[in-house]
Structures are given as structure tokens and as C-alpha cells.
Amino acid sequence: MKIVLLGYMASGKTTVGKVLSKKLFLPFIDLDKYIAKREQASIAEIFNEKGEIYFRKKEHQYLKELLASDSKFVLSLGGGTPCYAGNMDIITSNNDTISIYLEANIPTIIERLHHGKEKRPLVARLTNDKLTEYVAKHLFERRNFYQKAKHKVIVTNKSISTVVTEIRILLH
Ligand code: S3P
């Protein structure tokens, strides 16, 4: 079984994915880390040096590669992965794959994005005022893609262990 976690930036995909993978005795893969390793560059470097279109092509290529493998894993996507190149259709049509949308509300996302903004090229240069406006608009555009996931778990005001428990219940 492949478990794919998706959602907006800072919704907790990586943190939840790591804990979930341990509980399920499955390997954990973070798509951004996988891309960075394969490309031998950080995500910020790829965006700055090769541009977002190149990043989206590679993101699509590595996602397809992972989903086509026989391996079992917990995979956390980047916030934009579901919204490009038909990626969500590939995920939902893959037989052994279960997708889960981690839904965080806007204040939670903003609060979490304030820390570590610089690692995220799309928001790195935004002032705090602009960040709220950007996230509200961006999330509105992306939500339809996220909603295609097989399951949704609300993460706002919940601990990591509660979210992990809720996911494990869904998987039964
Ligand atoms: C992106 C989110 C990032 C990373 C890249 C683009 C996006 O991942 O893939 O900076 O388009 O939302 P996180 O969701 O882990 O921050």
C-alpha cells in the first residue's frame, strides 16, 4: 500500500508522515527531499536557478516514478504537487494508493509559515501582510485539487498524534 499525504504548505504533511510511517512500519518519503536528492540541489536552488516550470516537470517525473514502483511507503507531497500536470489523476487512479488531504485553516497556515518561510520559494519574499492575502487566494485556487483526495482529515487545533490516529482509523 502507498499512502500519499497532501495539502497546502505547512499543513503538517512531513511531520505527520514521519510519525504515521513509523506506526505502520513503512518507509517514509518526502517528495521535496527526494527531488532535492535526485537533482542534487535544494528546492530553493532549483526554483532560483532553473525556475518553477523545471521544478514542476521534475516533481511530476519523480512522483510518477514512485507511484509506478512496487514499493510500499508513506509519501508526503509538496503543497503544489496535486495542482499540476494531472498529478492528482495519476494518484487517484493508482490502485494501491490511498490519498489523504490534511486540511488546515488559513490562520494555522499563516502562523506556521511565519517560521521557516525562507525555505519556501513561493512565499520567501512576501511580507507578513501580503502573506495572508496570498495564502487565502492561493488556497482557494488549490482547494479543488486537494478535495480530489480519497480522504480528508482536518488538522487545525489537533495534535500530531490525534491526526495520526484519525488516519489509522481511516485506513482500517
Ligand atoms: C510548494 C510547496 C513546497 C515545495 C515547493 C512548492 C507549493 O512544499 O514543493 O516550494 O507549490 O506549494 P511544502 O508544501 O512541503 O512546503
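Reader: Which backbone nitrogen lies 2.9 Å from a polar atom of the side chain of T156?

Author: The model is a predicted one. In it, T156 sits in the loop between β5 (151-154) and α8 (160-171). Beyond its neighbours within four places in sequence, T156 touches E103, A104, N105 and T108. One of these supplies the backbone nitrogen found 2.9 Å from a polar atom of the T156 side chain, and that residue is N105.

Reader: Is T156 buried or exposed?

Author: A residue counts as buried when its relative accessible area is under 20%. The relative accessible area of T156 is 14%, so T156 is buried.

Reader: Where is N157, and is N157 buried or exposed?

Author: N157 is placed in the loop between β5 and α8. The limit for calling a residue exposed is a relative accessible area over 50%. N157 has 80% relative accessibility and therefore counts as exposed.

Reader: What is the phi of N157?

Author: Most residues other than glycine have a negative phi. N157 is not a glycine, yet its phi is positive, at about 60°.

Reader: What is the phi of A85, and in which loop is A85 found?

Author: A85 has a relative accessible area of 49%, so it is partly exposed. Although A85 is not a glycine, its phi is positive, at about 55°. Its place is the loop between β3 (73-76) and α5 (87-93).

Reader: Which residues of α4 make the contact with α3, and how many residues of the contact are charged?

Author: On the side of α3, the contact is made by I43, I46, F47 and K50. On the side of α4, the residues are E52, Y54, F55 and R56. By class, this contact has 5 nonpolar residues, no polar residues and, as charged residues, 3.

Reader: How is α2 oriented to α4?

Author: The axes of α2 (residues 31-39) and α4 come within 10 Å and cross at roughly 105°. Angles of 65 to 115 degrees count as roughly perpendicular. That is why α2 is described, relative to α4, as roughly perpendicular.

Reader: Which residues of α2 make the contact with α4?

Author: By class, the contact has 8 nonpolar, no polar and 6 charged residues. From α4 come Y54, F55, K58, E59, Y62, L63, E65 and L66. From α2 come L31, D32, Y34, I35, R38 and E39.

Reader: Which element gives the largest share of the largest nonpolar core?

Author: The largest nonpolar core has 49 residues, and L75, I100, L113 and I167 have the most contacts inside it. Setting aside neighbours within four places in sequence, I100 is in contact with I3, V4, L5, L6, A149, H151, V153, I167 and L171. The largest share of this core is 5 residues, and it comes from α4.

Reader: What separates the C-alpha atoms of R168 and K23?

Author: R168 lies in helix α8, and at 31% relative accessibility it counts as partly exposed. Not counting residues up to four places away in sequence, R168 touches L20, K23 and L24. R168 and K23 are 145 residues apart along the chain, while the separation of their C-alpha atoms is 8.9 Å.

Methods:
Residues are numbered from 1 along each chain as its sequence is written. This is a predicted model: local features need pLDDT of at least 70, side-chain atom pairs count only at pLDDT 80 or more; totals for chains, interfaces and linings use all residues. Side-chain values use heavy atoms; hydrogens and water are left out. Contact means heavy atoms within 4.5 Å. Helices (H or I, at least four residues) and strands (E, at least two) are DSSP runs, numbered from the N terminus. Ala, Val, Leu, Ile, Met, Phe, Trp, Tyr, Cys and Pro count as nonpolar, Asp, Glu, Lys and Arg as charged, and the others, Gly among them, as polar. Buried means under 20% relative accessible area, exposed over 50%, partly exposed in between (1.4 Å probe, protein chains only). A polar contact is a pair of N or O atoms within 3.5 Å; within protein, one must be able to donate a hydrogen and the other to accept it, and residues adjacent in sequence count only if both atoms are side-chain atoms. A nonpolar core is a set of buried Ala, Val, Leu, Ile, Met, Phe, Trp, Tyr and Cys residues joined through side-chain atoms within 4.5 Å. Axes are lines fitted to C-alpha atoms, for helices over the stretch in contact, and angles run from 0 to 180 degrees between N-to-C directions. Angles under 35 degrees count as roughly parallel, over 145 as roughly antiparallel, 65 to 115 as roughly perpendicular and the rest as oblique.
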